[in-house]
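Here is a short briefing on one structure. Have the sequence and the coordinates open as you read.

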Amino acid sequence: MRPAATANAQSEPQFAALVDALTADPGRRGQLTDLLREDHPIYDQRGAATVVRMRGWVLLALARAGVSDAALIFVLEELDTGIDAYLVAAAARALRSYAHPDENLAPFVMRALTNIRYRDEPLCFEHYGDYAVSSTGTSPVRELLMTLAWLGPHARGVLPELEALRAERGGLARKYRIDIDRALHAIRGADQVDEPAAGSCCGPPTGLGNMVSRPSDSRGGVQSIAAAVFEDHGGDRIAFQEFFRGQPSIVVFFYTRCDNPLKCSLTVTKLARIQNLLDAQGLADRIHTAAISYDPAYDLPERLRVYGRDRGVVMNAHHRMLRAIDGMGALCAHFGLGVNFIESLVNRHRIEAYILDAEGRVAVSFERVHWDEGEVVGRAVEVLKEKVTFEMPP
Amino acid sequence: MDVELQINNTPNPKARFVSWVPSPCRIRVTNPLGAPAPIVNLKITGVSAAGGGAVVFRGGATGAFASSVTLPVPTNGTSVPFFVAGKFGQPSTNNGDVTIQARNGTTLVGSVPVMVRIRKNANTLTTGERNRFVAAFAQLNNQGLGRFADFRNMHVSVSLPQAHGAPGFLPWHRAYLLDLERELQAIDPSVALPYWRFDQPAPNIFTPDFFGASNALGTVQFAATNPLQFWKTDGVQGVNRRPLFNTATAPPGLRTEAQTIAIGTQFPAFRTMEGNPHGFAHTSFGGSIQDPATAPKDPLFFLLHCNVDRLWAKWQRQNGRFNPAVAASYDSNPNNRPGHNLPDTMWPWNGVTGGTRPPTAPGGAMAASPCVGAPGPQPRVQDCLDYQGAIGAPARMGFDYDDAKFI
Amino acid sequence: MAKRKTAKRAGKAGSAVRKSARAALSVATSARRTVKQRVAAMAEAPLAVVESDKDLQAMLGVLRNRDEPIKVRLAALQSLGAAAFSVIAFESCRGDYLATLRQVADDPDPELRQRVLGILMREKDGFAQKKLLDGLKNPAKALVPPAKALQLLSYDVHAEAYAAARAILAKPPNDDARREALRLLAADATAAPLFEKLLRDKKELREIRQIAASALHALNPEKLQQRAREIILDKSDYDDIKATSLMALATFGDDEALGKDKALLNSVSRFGAGKAPAKYKQGARRFLRKFGR
């Protein structure tokens, strides 16, 4: 969080011009990807709708310049969890500029189609910040169907879903019939692609980089955050080192006012499933879990408790819903959180889950696209087996 | 001699609520001291408080009801079954305002207080009924942190296809209202969800003491004694509701009750009432209630839908459409989406997430009732048709409307 | 354009209803009919809208057409809104519907503007949000009065409206705008001290103090309980805010602590026996009964 006085002064037209300049310059195009980081200072003190316009313009720039391997995760993130029509449509269009279409991309596109179809709206991509006042242009559903057609046989894994969509009662607008048929035709078309590998349906493409594992000797320190103080769901205060030192922990971030059910609500629901897995393996006392709010000023203990309870989270001394009383800045720095704010309110955040080692250092991070609960627990168990050498001051 | 009277076949005092539908009950002798014979004839009657509800009885699962029933009851403790129902047209106004008494001759040998708990027209509630209802609702909301948050989260953009624009519209909302009503009853068991009869003037609803009076801007204002003044949803204070009609009258343009019930005798025709009167009742206002994704932010939503459900109940009764096995009772179609077919479980109570269902399932299973077992924790569409148990007694869901008789 | 398959699949039972809906739509969109006839027919039209592209376009055309009588256009908006509740069936109409709403958001008729912007804001529409914020910053561009703009912006907690609300609060053009600015700021986590001050200010309007109590309940519930108790103990404060305070304690307070608070119970007894309006005194008596008094 930054005080309003330090808000980035660049206007939206200036930002749009910057993006256009980067797109036009092959030597600087790589910086477009950097502009998709939620914590980029350029998004500080912007409203959520402004952030949508800005990120959307970057995604459209990528659609023109070509999505690199490094940028792919941002595009898939939007397809995986996005509920804003403009961003999802821009991401769908951007994906078509990626040089390596493969079958792992199709489930993301299909999932986006399921998520966005009842939020479909007309869009205008011609100029920065334009809103469509006519339905003759594009829309997220149209962009996603075009992307499925672009994937062609690579999307064979989602063919049954698309066929069901075509057959269902009511369903997509008649005007999309030609887009669906085109996608179906493209998918059923040439036969040069192997069947998708078993188990590849739901995860990101191999090597995508949504998970980062850090060997013990390359993990950062905890000095800057050791003194950070939290308040938990019951109103009890606890310092970072009191809760996170001595055993590994699984940490997720959320805030109760998040209006994207595919993000915070689902993240905390998945944390409850993680707790069940830990319990089933007899690890509930050996690996801590925590859900930490991005919005500590608003998320008072009762809000934390109710939010967790409603999503099945177990809350006790080892498993807590937390808000930072002191040290939110240190918290952002320690985890490298993908979040930005307008005043104290979140304007955009990514999905993020972390495994801390017994010293409270970040050992593994899962970012942007949904993680598998079993994999998170498996990684946490690996961290549990590490030899512990405490370096933290007592 | 003492006897025990079990209402809804349970000794649980929380189950002492009945509706127009016969509740299975039983009586047994718990202390035979003074009994004149191994079997005694006990007369069971209902005694109503002034202005209170009234009950009727019968000895078996069928037959006529009467104001009393006399049963031969063994003194060895064996239970004897009987049935009690609210006397149509005379619901309770307070918890326990009817007493079921058992007498041996003139001697009172046992009694239990019960309530004929019925969904009523909100416009004609007593002051006490109104105050208890808003108090329970405010507590359920509890600054947006109470259990109400789940109900809000059940009816948002991502979940609307589970509930709207397809055959499951009416069954889904029946379950939704029942779940909410049971949560209210967990706070105050004397509360039943009232309905806003939108085809009639309802000036008593739109007052500061009840659902609030809207100013010209559409901000709803509540009396200082009304706990709904603390209402919050989505982290935002209060209620925005701008009636586009004079609240001393009924909104114009809505189908009347008679017109709605006459839409057609087959469910595919009847369910078009989702547009008019249902949709038109919503769009008779500006504010949250006007749009599908925000409508439950306004507590009036639940009274509006209670009337929609009541209209379905009356249509069912008029046309005999309680049986899911009868084609005209529902709109079955092989291309219905999941959640809109009779055997489908309904989200969110089924806990199913992902795919064609929303990503999370707020609120968990359907709240249980101490009085009835139906529709179960994970109701299916077909479980929500026979709400009175007219086809099968175990299907009764434990609610009734003041003007919709039991078959 | 041909009718969609949905209508074709409908059995005989539904076809009569659908036929009737199409006939009603034909009346509703016909300039040859009277305004009264058309408005009445709009009520039967939602079903036709979701089942036929042609009928949808006809209805949207009425809404867009500034030459149509405003009563008919408002009725068309209501009919489309009713149809929008049939979410699955309306899926195919949504794009055209939203585009049309944006087109008429700056219509000369203020009632239509207000209703349309309300629908869009409840969709969290970026277009409407931008229009409203622009209007607050530059009144010459405002599509609705400031109070209405603030009320509509409050539908989206993520709208960047707090700064605008504070600016209105600093120099309110009227009481409505001040009230709506406060209602919007009731979701601002940093505003608890502001509401605490307003609640304690006996010179404030009763309505503002009531809003402050409700806001404080969300932002700092413990503080509200403290202040509510003080207000009830304060013999010089007003009956209505005492009633609100009592309601806060009765509904959300800690019963165990309240039951032991003799000073509070005595004050409530005095309130219940005093000259306050009857319903306030009834509230006091209900409160006391809860604690056996």
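In the hairpin of E8(B) and E9(B), two residues lie between the strands, and B:Gly105 takes a positive phi near 65°. The model is a predicted one.

**Chain B: strands around the hairpin**

- E8(B) pairs with strand E9 (residues 107–116) of chain B in the antiparallel sense, over seven bridges.
- In this pairing, B:Ile100 stands opposite B:Val112 in E9(B).
- E8 (residues 98–104) of chain B also pairs with strand E4 (residues 39–48) of chain B. The sense is antiparallel, and there are six bridges.
- B:Ser48 has B:Val98 in E8(B) as its bridge partner.

**Chain A: the sheet**

- Chain A has an open sheet of eight strands with mixed pairing. The order is E1-E10-E9-E4-E5-E6-E2-E3.
- Strand E1 (211–213) and strand E3 (237–239) of chain A stand at the edges. Each has a single partner strand, so one side of each is left without a neighbour in the sheet.
- Direction ignored, neighbouring strands of this sheet are turned by 30° against each other on average.
- Helix H14 (residues 373–384) of chain A packs on the sheet. H14 touches strand E4 (249–254), E9 and E10 of chain A, and its direction makes about 20° with that of E9(A).

**Chain A: strand E9 and its partners**

- Strand E9 (residues 352–356) of chain A is joined by five bridges to strand E10 (residues 362–367) of chain A, and the two run antiparallel.
- A:Leu356 has A:Val362 in E10(A) as its bridge partner.
- E9(A) and E10(A) form a hairpin with five residues between them. In the turn, A:Gly360 has a positive phi of about 90°.
- Four bridges join E9(A) to E4(A), and these strands also run antiparallel.
- What stands opposite A:Tyr354 in E10(A)? The residue there is A:Ser365. A:Val251 also stands opposite A:Tyr354.
- E9(A) is mostly covered, with five of its five residues buried.
- In a regular strand, side chains alternate between the two faces of the sheet.
- Both faces of E9(A) are covered. A:Glu352, A:Tyr354 and A:Leu356 are buried on one side, and A:Ala353 and A:Ile355 on the other.

**Chain A: an enclosed helix**

- Why is helix H6 (residues 106–116) of chain A described as largely enclosed? Of its 11 residues, 10 are buried, so the rest of the structure largely encloses the helix.
- The buried residues of H6(A) include A:Phe108, A:Met110, A:Arg111, A:Leu113 and A:Asn115.
- What covers them includes helix H4 (69–81), helix H5 (85–95), helix H7 (140–151), helix H8 (159–167) and helix H11 (261–280) of chain A.

**Chain C: helices**

- Helix H5 (residues 53–64) and helix H8 (residues 94–104) of chain C pack at an angle of about 10°, with their axes 10 Å apart. That angle makes H5(C) roughly parallel to H8(C).
- H5(C) brings C:Leu56, C:Leu60, C:Leu63 and C:Arg64 to this contact. They meet C:Asp96, C:Thr100, C:Gln103 and C:Val104 in H8(C).
- By class, the contact has four nonpolar, two polar and two charged residues.
- In helix H3 (residues 35–42) of chain C, the buried residues are C:Arg38, C:Val39, C:Ala41 and C:Met42. Seen down the axis of H3(C), they fall within an arc of 165°, so they line one face of the helix.

**Contacts between chains**

- Between chains B and C, 50 residues of chain B are in contact with 52 residues of chain C.
- On the chain B side, the elements giving two or more residues are helix H1 (127–141), strand E13 (236–237), helix H5 (267–270) and helix H6 (275–282) of chain B. H6(B) gives the most, with six residues.
- By class, this side of chain B has 16 nonpolar, 29 polar and five charged residues.
- The contact of chain A with chain C takes 31 residues from chain A and 26 residues from chain C.
- On the chain A side, helix H3 (48–65) and strand E8 (345–349) of chain A are the elements that give two or more residues. H3(A) gives the most, with four residues.
- The residues on this side of chain A divide into 14 nonpolar, nine polar and eight charged.

How values were computed
Residues numbered from 1 in each chain as written. Chains lettered and ligands numbered in written order. Predicted model: local features only at pLDDT ≥ 70, side-chain atom pairs only at ≥ 80, totals over all residues. Buried ≥ 20, exposed ≤ 12 C-beta atoms within 10 Å, placed from the backbone. Arc of directions from axis to C-beta. Contact = placed C-beta atoms within 7 Å. Nonpolar A, V, L, I, M, F, W, Y, C, P; charged D, E, K, R; others polar. Pairing = 2+ DSSP bridges. Axes fitted to C-alpha atoms, helices over the stretch in contact; angles between N-to-C directions. Parallel < 35°, antiparallel > 145°, perpendicular 65-115°, else oblique.
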